[in-house]
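Thanks, everyone; I would like to take a few minutes to walk through one model with you. Please have the sequence and the structure open while I talk.

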Amino acid sequence: AVDILETENELVLKADLPEMRLEDLDIQVENGTLTLRGERKFEKKDEDRGYHRIERRYGSFVRAFSLPEYADIEKVSADYKDGVLTVTVPKKELAKPRAIKVNIHQ
């Protein structure tokens, strides 16, 4: 599950990835697309525990998100804490509109 929040200065994506190891995650930005890849492994030792039900997903996953043109892909950062991956995509400083003086020739 991923939440996406937009503020005045950035886009923030939060993905729930409980019990994922950092080395099993891959985050890439290419051609305006942010891609999250990973694999949650089902431990072999857990197969012998006699589960009644397994509802959590295991295996590989890929999520891709198109970034807006104003995303500053050179400054993307990511943090992983308590099973939540937070990817922060700053916005580029947009050129401020400026008045243009029009000369009138007679």
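Let me begin with a question: which residues does Val 89 touch, not counting residues up to four places away in sequence? This is a predicted model, and in it Val 89 touches Glu 10, Leu 11, Leu 13, Leu 67, Ala 71, Asp 72 and Val 76, with residues up to four places away in sequence left out of the list.

Val 89 also brings us to the largest nonpolar core, which has 14 residues, and in which Leu 13, Leu 17, Leu 36, Leu 85, Val 87 and Val 89 are those with the most contacts inside it. At least two residues of this core come from each of strand S2 (10-16), S4 and strand S7 (84-90).

Turning now to the sheet, we have three strands in an open arrangement, ordered S3-S4-S5 and paired antiparallel. Strand S3 (25-30) and strand S5 (59-66) each have a single partner strand and stand at the edges, so one side of each is left without a neighbour in the sheet. From one strand to the next, the twist averages 15°. Between S3 and strand S4 (residues 33-40), the antiparallel pairing runs over six bridges, and Asp 26 has Arg 37, in S4, as its bridge partner.

Finally, consider Ser 60, which lies in strand S5 and counts as exposed because its relative accessibility is 61%, where the cut-off for exposed is over 50%. Leaving aside neighbours within four places in sequence, Ser 60 is in contact with Gly 38 and Glu 39. Between Ser 60 and Asp 24, the C-alpha to C-alpha distance is 9.5 Å, although the two are 36 residues apart in sequence.

Definitions and conventions. Residues are numbered from 1 along each chain as its sequence is written. This is a predicted model: local features need pLDDT of at least 70, side-chain atom pairs count only at pLDDT 80 or more; totals for chains, interfaces and linings use all residues. Side-chain values use heavy atoms; hydrogens and water are left out. Two strands pair if DSSP finds at least two bridges between them. Helices (H or I, at least four residues) and strands (E, at least two) are DSSP runs, numbered from the N terminus. Axes are lines fitted to C-alpha atoms, for helices over the stretch in contact, and angles run from 0 to 180 degrees between N-to-C directions. Buried means under 20% relative accessible area, exposed over 50%, partly exposed in between (1.4 Å probe, protein chains only). Contact means heavy atoms within 4.5 Å. A nonpolar core is a set of buried Ala, Val, Leu, Ile, Met, Phe, Trp, Tyr and Cys residues joined through side-chain atoms within 4.5 Å.
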